[in-house]
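Here is a briefing on one protein chain. The points are grouped by topic, for reading beside the structure.

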Amino acid sequence: MAPPPRAYSPAELRQRCAQGACLVLRGRRLYDLSGFVRLHPGGEQLLRERAGGDVSAALDGPPHRHSRNARRWLEQYYLGELRPAPAPQSLLETEKPVNSTARTMNHRMDPRCKTVDPDKDLVDWYKPLLWQVGHLGEKYDEWVHQPVDRPIRLFHSDFIESLSKTAWYIVIMVWIPVVLYLSWFCYTSLAQGTTRLFSSFTTEYSIPVHKYFFPFIFVLGMCLWSLVEYLIHRFLFHMKPPASNYYLITLHFLLHGQHHKSPFDSSRLVFPPVPASLVIGFFYTLLRLLLPEAVGISVFVGGLFGYVVYDMTHYYLHYGSPKKGTYLYGLKAYHVKHHFEHQKSGFGITSKFWDRPFKTLIPEETFEEED
């Protein structure tokens, strides 16, 4: 039998607030969001600045309405009960802690999620998950789209596990020097004036490519990457593996399912350099075969830079706190909707551009209804 929940007095809560805790009170149930506040999809400032007032009303009514699933997510942070006070007013009504007690979770956080009980979940969280998920069969799709706020371990081997995770700044440290070097190489190669398009088919109608074309080819590479990004995200990362295929389920979880299961695992928000180099190497080889060397590498380096922008944007959409009304604020809200409500649409990361012609744009009404 589980022990009864601990009861906290208003004085104890004031002390916790003074120490910087971020607490939410719903009815008499108390939740400690101190560990979650920096991950809050609407930003830490928004979560903290709404201190005071009736917490329960803030969770249930305007201006930020929350779904049943959002309240299920909240249960992960249950702390205890508020001990009844002699006065009819609640602690937060009688005294508003300065920048300490939050009364709401932002409406952008509306996940289809559940509290994880490691002893009762469909998988054993004390063991690597990668080799377990394939056995979930028809339950996998529903399970993987119920996000949790805890890290994931994929492999038994510590070394292989380390290759599956990376910090965001490693992407910049590894690939930006490559972008700079290849950009210099392409510009100097084009400056020699010997590069021509279609020269392998005809010399009479071949087109010279001057060094001044490099910026335009670079931007073309970035644009092509944005399309590739969309197609990979939609058709590979969001494929629905057959329930009877253990290996496809395992592959899906390795590629992207793990991210939807644990969207706040900071070590799994960007593509690790070792597996990324395999994909990048493929595109490099393909462009080298299809185009003259300097032109092919120019397109490639633009695409590589687009990939870096994509990875950094994706990390920021999960961990950043953009100012309300900015482009990134809207993009963050859009991506959170993709994670927690519209997994079959909203595939753009750096923009919504390709969602429009492919008809996977998340309807604007889903945002307006909650504002």
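Asp265 and Arg268 form a salt bridge in this predicted model. Their closest N and O atoms lie 3.6 Å apart. Both residues, Asp265 and Arg268, are buried. The pair also belongs to a salt-bridge network that takes in Glu161.

**Other salt bridges**

- The whole structure holds 5 salt bridges.
- Arg153 pairs with Asp158, and the closest N and O atoms are 2.6 Å apart.
- Arg153 is partly exposed because its relative accessible area, 32%, falls between the 20% and 50% cut-offs.
- Asp158 has a relative accessibility of 57%, so Asp158 counts as exposed.
- Lys337 bridges to Glu341, with 3.1 Å between the closest N and O atoms.
- Lys337 counts as buried because its relative accessibility is 2%, and the limit for buried is under 20%.
- Glu341 is partly exposed, at a relative accessible area of 28%.

- Val174 sits in helix H9, which covers residues 168-191. Trp168 is found in helix H9 too.
- The relative accessible area of Val174 is 32%, so Val174 is partly exposed.
- For Trp168 the value is 36%, and Trp168 is therefore partly exposed.
- Which residues does Trp168 touch, not counting those up to four places away in sequence? They are Val270, Met312 and Tyr315.
- Trp168 and Ser266 are 98 residues apart in sequence. In space, their C-alpha atoms are 8.2 Å apart.

**Packing of H13 and H14**

- Helix H13 spans residues 293-319 and helix H14 spans residues 327-340. The two helices pack with their axes 9 Å apart.
- The angle between H13 and H14 is about 80 degrees. H13 is therefore roughly perpendicular to H14, because the angle range for that term is 65 to 115 degrees.
- On the H13 side, the contact residues are Thr313, His314, Tyr316, Leu317, His318 and Tyr319.
- On the H14 side, they are Leu328, Leu331, Lys332, His335 and His339.

**Backbone at Lys359**

- Lys359 has a positive phi of about 60 degrees, although Lys359 is not a glycine.
- Where is Lys359 placed? Lys359 lies in the loop between H14 and helix H15 (365-368).
- Is Lys359 buried or exposed? Lys359 is exposed, because its relative accessible area is 76% and the cut-off for exposed is over 50%.

**The chain as a whole**

- The secondary structure comprises 15 helices and 6 strands.
- The chain has 371 residues, and 47% of them count as buried.
- Its accessible surface is about 19000 Å². Carbon and sulfur atoms account for 62% of that surface.
- Take the contacts between residues at least 6 apart in sequence: 73% of them join residues at least 24 apart.

Terms used
Residues numbered from 1 in each chain as written. Predicted model: local features only at pLDDT ≥ 70, side-chain atom pairs only at ≥ 80, totals over all residues. Heavy atoms only, no water. Helix = DSSP H or I, 4+ residues; strand = E, 2+ residues; numbered from the N terminus. Buried < 20%, exposed > 50% of the residue type's maximum accessible area, 1.4 Å probe, protein only. Salt bridge = Lys/Arg side-chain N within 4 Å of Asp/Glu carboxyl O. Axes fitted to C-alpha atoms, helices over the stretch in contact; angles between N-to-C directions. Parallel < 35°, antiparallel > 145°, perpendicular 65-115°, else oblique. Contact = heavy atoms within 4.5 Å. Areas by Shrake-Rupley, 256 points an atom, 1.4 Å probe, with all protein chains shown as cover.
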